[in-house]
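Let's see how the chains in this structure meet each other. Keep the 3D view open while you read.

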Protein chains: 6
Amino acid sequence: MTEYIPPSSPDMFAPRYSGLATFMRTPVASSLADVDIGLLGIPYDGALTNRPGARHGPREVRNQSSLMRAINHATRVNPYELCRIADVGDVPFDSVFDIEATHKNITDFVAQMVARNVIPLSCGGDHSVSLPILRAVAHEPVALIHIDAHTDTWDSFQGSKFNHGAPFRRAHEEGLIDPKKTVQIGIRGAQNMSEGWDYSEQAGMRVMFIEEVQERGISAIVEEARTVVGEGPVYLSFDIDSIDPAFAPGTGTPEVAGLTTAEAMALIRGFRGLNYVGADVVEVSPPFDVGGMTALAGATVMYELLCVLAEARSTR
Amino acid sequence: MTEYIPPSSPDMFAPRYSGLATFMRTPVASSLADVDIGLLGIPYDGALTNRPGARHGPREVRNQSSLMRAINHATRVNPYELCRIADVGDVPFDSVFDIEATHKNITDFVAQMVARNVIPLSCGGDHSVSLPILRAVAHEPVALIHIDAHTDTWDSFQGSKFNHGAPFRRAHEEGLIDPKKTVQIGIRGAQNMSEGWDYSEQAGMRVMFIEEVQERGISAIVEEARTVVGEGPVYLSFDIDSIDPAFAPGTGTPEVAGLTTAEAMALIRGFRGLNYVGADVVEVSPPFDVGGMTALAGATVMYELLCVLAEARSTR
Amino acid sequence: MTEYIPPSSPDMFAPRYSGLATFMRTPVASSLADVDIGLLGIPYDGALTNRPGARHGPREVRNQSSLMRAINHATRVNPYELCRIADVGDVPFDSVFDIEATHKNITDFVAQMVARNVIPLSCGGDHSVSLPILRAVAHEPVALIHIDAHTDTWDSFQGSKFNHGAPFRRAHEEGLIDPKKTVQIGIRGAQNMSEGWDYSEQAGMRVMFIEEVQERGISAIVEEARTVVGEGPVYLSFDIDSIDPAFAPGTGTPEVAGLTTAEAMALIRGFRGLNYVGADVVEVSPPFDVGGMTALAGATVMYELLCVLAEARSTR
Amino acid sequence: MTEYIPPSSPDMFAPRYSGLATFMRTPVASSLADVDIGLLGIPYDGALTNRPGARHGPREVRNQSSLMRAINHATRVNPYELCRIADVGDVPFDSVFDIEATHKNITDFVAQMVARNVIPLSCGGDHSVSLPILRAVAHEPVALIHIDAHTDTWDSFQGSKFNHGAPFRRAHEEGLIDPKKTVQIGIRGAQNMSEGWDYSEQAGMRVMFIEEVQERGISAIVEEARTVVGEGPVYLSFDIDSIDPAFAPGTGTPEVAGLTTAEAMALIRGFRGLNYVGADVVEVSPPFDVGGMTALAGATVMYELLCVLAEARSTR
Amino acid sequence: MTEYIPPSSPDMFAPRYSGLATFMRTPVASSLADVDIGLLGIPYDGALTNRPGARHGPREVRNQSSLMRAINHATRVNPYELCRIADVGDVPFDSVFDIEATHKNITDFVAQMVARNVIPLSCGGDHSVSLPILRAVAHEPVALIHIDAHTDTWDSFQGSKFNHGAPFRRAHEEGLIDPKKTVQIGIRGAQNMSEGWDYSEQAGMRVMFIEEVQERGISAIVEEARTVVGEGPVYLSFDIDSIDPAFAPGTGTPEVAGLTTAEAMALIRGFRGLNYVGADVVEVSPPFDVGGMTALAGATVMYELLCVLAEARSTR
Amino acid sequence: MTEYIPPSSPDMFAPRYSGLATFMRTPVASSLADVDIGLLGIPYDGALTNRPGARHGPREVRNQSSLMRAINHATRVNPYELCRIADVGDVPFDSVFDIEATHKNITDFVAQMVARNVIPLSCGGDHSVSLPILRAVAHEPVALIHIDAHTDTWDSFQGSKFNHGAPFRRAHEEGLIDPKKTVQIGIRGAQNMSEGWDYSEQAGMRVMFIEEVQERGISAIVEEARTVVGEGPVYLSFDIDSIDPAFAPGTGTPEVAGLTTAEAMALIRGFRGLNYVGADVVEVSPPFDVGGMTALAGATVMYELLCVLAEARSTR
């Protein structure tokens with residue numbers, strides 16, 4: 001008779017539709033002590049200004065991430081051989097109605113991880129969550145690779161300066177990121193004001209609109225971006241709306257004519273070997289998804305990020 | 001700074017979309033020792049003969065079951081005050097291509113629970129899984145409350161006598177159920193042969209077609225069914241296709257004109273106070289579901305079953 | 001080695017998802033000579049005034065009708081033992097842009113069936129198609145059982161007096177139906193003018209609004225309706241929008257608070273033993289369907305109609 | 001050559017899929033001066049605690065409401081002959097991130113209507129919006145007909161006492177409603193605490209759980225409710241989650257086994273002839289809807305409410 | 001207390017899900033006097049021969065167009081600074097069952113715009129509507145940029161020579177377009193007859209099949225097309241089925257392997273600075289859409305067209 | 001009066017939504033005698049290890065294939081002028097629960113076709129079906145063009161060595177394919193073991209990962225692949241999951257960043273003029289499809305394969 005196996009230790013060879021849906025079918029962490037990279041969910045979308053639903057992102061990305069496996073076919077990296085990786089759960093919130101209180105919960109949770117030398121790879125949630133994460137991981141101004149349809153350097157909108165279109169403006173103001181080491185890739189979509197685009201450029205960030213990306217190709221983009229970012233600590237923030245809505249329809253602020261998933265994969269793989277302090281995937285909105293496509297894309301982005309984080313972590 | 005809380009101990013007051021999706025947001029069992037009622041998934045649909053997908057049932061019922069809460073508004077039962085309840089995970093399989101081997105895995109897993117005095121409340125999976133569960137829980141012929149559109153007492157079909165239309169014929173043959181204490185409620189849908197209907201009646205089971213249920217009303221049905229079932233050990237098997245496809249479209253063999261969810265709730269609440277050895281909810285097929293309706297109905301049926309099982313368990 | 005079996009002779013015991021999708025898995029008729037009841041599709045929706053898509057009705061009702069089987073669980077009628085039943089295909093059209101030309105194609109096709117003593121059971125298509133069918137089957141004013149949310153006795157609208165809200169006004173004018181032997185069941189939904197309601201009542205039709213149906217119950221409705229209809233030739237027209245949108249969302253002019261499918265089944269079974277000249281199911285609009293629910297409801301209605309038609313045909 | 005007609009004056013006889021989507025195809029109000037009943041949208045869901053999306057409610061209810069027409073088939077009331085009815089647009093917000101500021105915007109907007117003797121019939125939005133509406137319409141404690149799955153008399157949750165589960169507790173505290181003249185109909189669904197149920201009953205509200213409604217029938221419920229409510233000013237709040245998810249799946253906190261739409265229609269029609277100060281339909285969440293069913297149900301509820309409000313307004 | 005603002009003057013900074021759904025959130029025109037570019041809907045699909053639903057196109061493109069904003073990120077054009085732009089509503093129809101009568105209504109409506117010097121940017125509707133628009137805008141044979149999967153120069157089909165596969169053959173015959181200044185881009189999909197392809201080429205139109213577009217790239221295509229089109233008056237007709245079904249599934253006659261939305265955007269931007277007399281986007285069929293993707297693509301195409309039309313109009 | 005036309009002889013000029021859904025609207029074969037290319041369905045998915053539903057593939061590919069037409073726009077091949085093509089139905093099964101028995105049924109059915117010189121073009125079904133087809137068509141080791149995300153040369157998994165990830169390993173072992181003449185195109189997706197990748201390469205197959213395909217371009221890939229394959233008999237197996245999930249979401253094991261449909265079309269057209277013994281399209285899973293996109297892609301792939309097979313067959 002088979003021995004009872006607690007479901008918090010999933011088996012990667014079991015059928016993918018079986019078992020508890022943890023991120024990538026990693027085990028549930030019982031403490032942060034034996035974890036190198038912690039996969040966490042941030043089910044919060046209270047700072048967005050358009051179509052909601054990103055609060056459901058971690059749940060559904062976990063669900064689809066059961067389709068992920070171990071060995072990267074392109075790089076042959078197996079992150080599970082390089083690091084101890086676990087699902088550390090979702091950030092708990094004291095109040096979901098107060099952006100700043102929520103942000104404090106996020107910073108506190110990630111700070112615990114950082115204190116134990118656990119690299120955070122988080123799944124949002126709206127893009128506002130990158131700010132409180134940066135507050136926890138950036139002990140000095142860090143370099144930023146920001147893949148997105150929007151620069152997210154707008155100012156106060158609809159009543160809050162911490163809305164999901166503002167995190168990197170706030171991060172700049174707070175000295176969390178170094179604008180000279182910041183690259184924003186995939187930017188597109190009409191705007192009512194050019195404010196955000198202007199802010200990024202005036203602050204010294206390297207803004208790569210989608211047309212530039214498509215014309216020059218991923219290799220050239222990667223090469224230049226690596227030069228911008230440099231050798232120091234770097235954070236990577238991936239907004240799923242950087243990807244074209246045909247590949248990732250389930251997001252709050254879709255903009256047509258974006259990255260293909262192939263381009264997104266190539267971008268992330270291009271950023272191997274950097275000195276990561278953390279990464280996130282945000283703005284997956286399951287209620288607007290069709291057929292789980294966006295959650296699957298989000299899970300795959302997260303897996304690719306895991307591979308580059310694992311390489312980084314394993315060489316420390 | 002907040003203390004790290006492992007996600008396997010979910011908080012019922014946290015936002016419903018947050019945290020790992022365990023059944024009813026119950027904690028993950030680390031052993032079977034401190035559990036009175038174990039919620040388990042059986043992600044297997046290899047014995048069905050029509051539209052597939054029930055293998056995804058446990059995953060999505062877990063997902064939607066986060067919408068469940070503690071106190072039953074109709075009976076005021078709070079199962080969590082009566083019993084220790086946990087998610088014990090999914091049955092692990094050696095082979096998914098061999099019905100009988102799979103059934104053996106199920107019997108073995110449930111037998112472990114029974115051996116530790118844990119009542120199994122399972123979520124399938126196709127209806128074939130009731131047979132191996134009965135093999136584990138029925139130490140003598142038990143009474144059976146079977147709520148379904150089909151009698152599931154057909155014989156071999158499409159090459160197997162263990163297909164999902166046959167479990168209760170096999171259970172009868174194996175002496176696992178007492179046909180005189182068996183009631184089948186909600187039967188309907190045309191058939192190519194009357195074989196299954198005839199078998200049930202000839203074996204002495206009380207077959208209540210849906211028209212009888214609708215004409216006499218739930219109270220009368222419950223009253224008679226309780227008389228049939230009696231005071232001894234009883235198993236309850238709930239096929240989601242007993243419910244009308246308007247309320248539960250996501251199932252393999254839908255038949256229009258079924259039970260409403262209100263009738264289903266009333267049925268289960270009518271069966272309080274019996275001597276349960278276990279129960280199951282089967283045939284939720286998420287790929288055919290729309291808007292998660294069927295998984296929500298399945299989760300609610302499972303919650304109502306949990307309430308009656310908890311009352312039964314707590315009085316032992 | 002197995003012999004080649006042409007797919008136009010489907011096997012009712014084969015898996016339901018296999019084979020060509022003919023109505024009810026009946027064989028394709030190679031001629032009209034050996035057919036008692038002909039199942040035909042009328043893929044036309046050029047006369048509707050609201051949401052389109054009923055042109056796709058026959059295709060998807062055929063698709064879902066593979067879920068039907070032989071023996072009616074409630075009446076124990078097996079239509080295939082009583083009659084020779086075949087799928088006779090779809091009405092071919094000369095022009096899809098001219099309502100009257102299309103109607104002529106329909107009349108011609110059905111007239112061929114009538115000439116060979118084949119009872120037509122058709123699947124629309126918008127409700128305008130009932131008029132040209134009646135032109136073929138009604139050699140004298142026939143009785144009419146009309147189950148619908150709308151009386152369809154309105155006059156010219158949006159430029160045509162043959163629009164899908166007018167067939168029974170035209171049928172009355174043309175002497176195809178006897179208004180004193182006409183019953184309209186399930187009527188509901190606000191209207192901009194009371195014209196249609198008034199016409200039906202002034203013509204002497206018995207109009208049963210849904211509230212009356214729900215208050216008196218199906219048995220009482222059936223009893224009165226049978227008295228209205230009498231012993232002579234009768235045609236039954238079933239608009240899927242008579243059924244509540246929760247059970248049948250895929251239709252062009254949905255009206256909430258309609259019949260349940262259980263009520264619809266009970267109505268049709270209540271009309272056993274009449275002297276049918278034909279029947280139709282109309283207004284299934286697959287593009288507005290969800291999860292195939294409406295096509296399944298339409299297929300089941302068609303199966304139940306087949307049972308009553310088979311009883312009628314077999315006693316001639 | 002046809003004269004140019006501005007699209008803000010839609011034509012109820014035009015095809016239903018054409019024209020701007022105003023509520024019920026009523027004209028857009030250019031001022032509040034010539035309006036008796038104002039249909040308004042409140043696209044706000046910042047106070048909910050579960051699945052989001054009600055912010056999209058007004059948009060999609062307007063969209064589906066094009067299927068509505070003028071004359072009620074059951075009561076033969078034509079509200080457009082009784083009153084001047086217009087779409088007065090959506091409440092504009094200063095900030096969407098601050099519940100109390102948003103609520104003030106709502107109160108201000110509705111107060112303008114009240115000041116001009118315009119009865120508000122609003123479409124939410126989450127249920128928190130009923131509180132600021134009551135602040136504008138209740139010059140004394142009003143009677144309340146509250147149709148819902150939840151009593152919404154819970155206290156502070158997830159950080160705000162103005163969350164969508166609390167409006168009627170706050171309204172009671174603020175003296176906006178008379179608990180002795182308050183009836184809550186359709187209550188169901190398990191709860192983690194009995195607090196809300198207890199509060200309602202202790203405050204003297206008449207709480208009718210769904211089982212009571214189903215057992216006694218709508219007529220008896222209406223009769224008693226009318227006695228509770230009395231002759232004075234009354235407000236009616238209709239939460240779409242009172243309706244069963246099979247009929248209205250698109251809502252944030254679904255509970256199975258609810259009202260049918262037929263029962264909902266009968267309830268509203270049962271409340272004709274009361275002295276209404278306003279009404280609302282809330283919690284329609286289009287991202288969770290399937291096939292527009294819930295928005296259609298919401299639009300129909302709104303039309304039925306319009307009929308009873310028009311009768312009330314026309315007799316003043 | 002805030003002043004009442006009629007909803008026909010929407011605010012582009014308000015939340016995108018709020019307010020009446022006008023095209024691009026432009027104000028509703030009360031007359032044609034103060035309008036430079038009029039956005040109009042043509043909710044007609046009575047001339048199509050395949051999957052219906054384009055009648056719902058204007059409604060849903062309006063709905064999704066709320067996601068559009070002012071400043072084009074690629075060209076930095078803000079059309080609202082260049083021109084007065086308004087939603088002028090939908091073409092009203094006398095009869096929806098007569099293609100030619102409907103076409104006359106369209107010509108009349110657009111002719112009113114032309115008479116007042118308003119450039120029409122219309123949203124269909126099936127592609128037959130381009131013919132009656134051309135009758136209103138083409139005072140001499142105009143150049144034509146036609147982006148589509150089909151040449152739409154077929155002849156009579158299914159009974160009408162004005163069907164949606166024929167508009168540009170008829171336009172050629174009527175002298176509305178100059179075939180030597182006509183370019184057709186994106187053509188693909190098998191055909192039962194080569195008639196349409198042959199007609200276009202024999203008439204002297206420049207037909208660019210999709211393979212040519214993909215091999216040569218958008219820049220080369222644009223360059224040649226501009227040479228073909230020349231300096232004179234030009235009309236641009238954009239069939240959404242030119243775009244690949246992965247990006248725009250909701251259309252009547254989908255053909256795989258089409259333009260990406262990025263290519264479509266680049267094409268339109270490549271056609272800046274021409275002398276436009278009007279433009280259209282056609283064949284968006286919401287009932288076949290998934291997740292609003294196609295309506296979003298259609299709205300974005302319409303916005304890009306608005307930018308090029310505004311530049312053209314502002315230089316007159 | 002029109003003559004009765006049996007629906008098993010569909011008309012390619014009839015409306016696409018009309019008639020029985022046969023593959024490509026080809027006639028139903030009454031025998032195999034007069035057929036050059038037989039289109040067959042294999043509705044079996046009992047050998048898959050992940051998300052089910054491919055059993056519904058033939059049904060829905062037939063359904064969407066009505067959108068196909070005769071003349072290939074790119075190659076101008078009209079397969080119906082070159083060959084006699086018919087729908088020969090679905091493989092009948094003795095048992096659906098036994099992989100090897102099912103495989104035997106497939107081999108037997110295809111062997112009948114081969115015996116009558118009918119080239120099989122089949123539609124699956126899971127990928128395991130390629131093995132029994134090869135057993136029927138490969139009288140010597142044949143060349144193989146295998147387009148897929150996975151090499152399908154893994155070994156036993158979840159209890160069977162005939163699972164859908166193993167067919168080409170088994171085919172190699174059985175001497176059905178020549179590994180030196182085998183090319184696998186589009187491979188991608190992480191794996192838990194590198195076993196399958198390694199096996200293919202060690203066996204001498206030419207494995208082209210997706211990155212290579214995207215970098216070198218289709219022309220270069222085709223050129224090399226043709227060299228590998230050579231002049232002898234060749235079989236082409238097309239797994240729909242080779243195509244990106246944005247274009248073909250409905251499949252059991254989706255992997256992002258795959259082929260576009262344009263690339264897939266170009267690949268197949270690149271393989272004109274080879275000496276085909278058969279071809280298949282597999283792993284279309286309708287329950288996971290959205291909007292019929294995948295079935296449409298599958299039908300178009302099947303049409304393109306038909307064109308190359310027809311050229312091959314017609315030159316024999």
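This report looks at two chain-to-chain contacts.

## Before we start

Just so you know, this is a predicted model.

## Where B meets A

Let's begin with chains B and A. Each side brings 37 residues to the contact. Together the two chains bury about 3,300 Å², and 59% of that lies on carbon and sulfur atoms. On the chain B side, look for B:Tyr4, B:Tyr17 and B:Arg59: these lose the most area to chain A, together 27% of what that side buries.

What about salt bridges between chain B and chain A? The count is zero. Polar contacts do turn up, though, with 20 residue pairs between chain B and chain A (both residues at pLDDT 80 or more).

## Where D meets C

Now turn to chains D and C. Here 29 residues of chain D touch 31 residues of chain C. The pair buries about 2,300 Å², with 61% of it on carbon and sulfur atoms. D:Phe13, D:Arg69 and D:His73 supply 30% of the area that chain D buries against chain C, more than any other three residues.

How many salt bridges link chain D and chain C? There are two. One to find in the viewer joins the side chains of C:Glu211 and D:Arg269, at 2.8 Å from N to O. You'll also get 11 residue pairs in polar contact between chain D and chain C (both at pLDDT 80 or more). On the chain D side, helix H9 (261-270) and helix H10 (293-314) each supply at least two residues. H10 of chain D gives the largest share of that side, five residues. By class, the side of chain D that touches chain C has 18 nonpolar, six polar and five charged residues.

## Turning D onto C

Notes. Residues numbered from 1 in each chain as written. Chains lettered and ligands numbered in written order. Predicted model: local features only at pLDDT ≥ 70, side-chain atom pairs only at ≥ 80, totals over all residues. Heavy atoms only, no water. Contact = heavy atoms within 4.5 Å. Buried area = accessible area lost by both parts, 1.4 Å probe. Salt bridge = Lys/Arg side-chain N within 4 Å of Asp/Glu carboxyl O. Polar contact = N/O pair within 3.5 Å; in protein donor to acceptor, adjacent residues only side chain to side chain. Helix = DSSP H or I, 4+ residues; strand = E, 2+ residues; numbered from the N terminus. Nonpolar A, V, L, I, M, F, W, Y, C, P; charged D, E, K, R; others polar.
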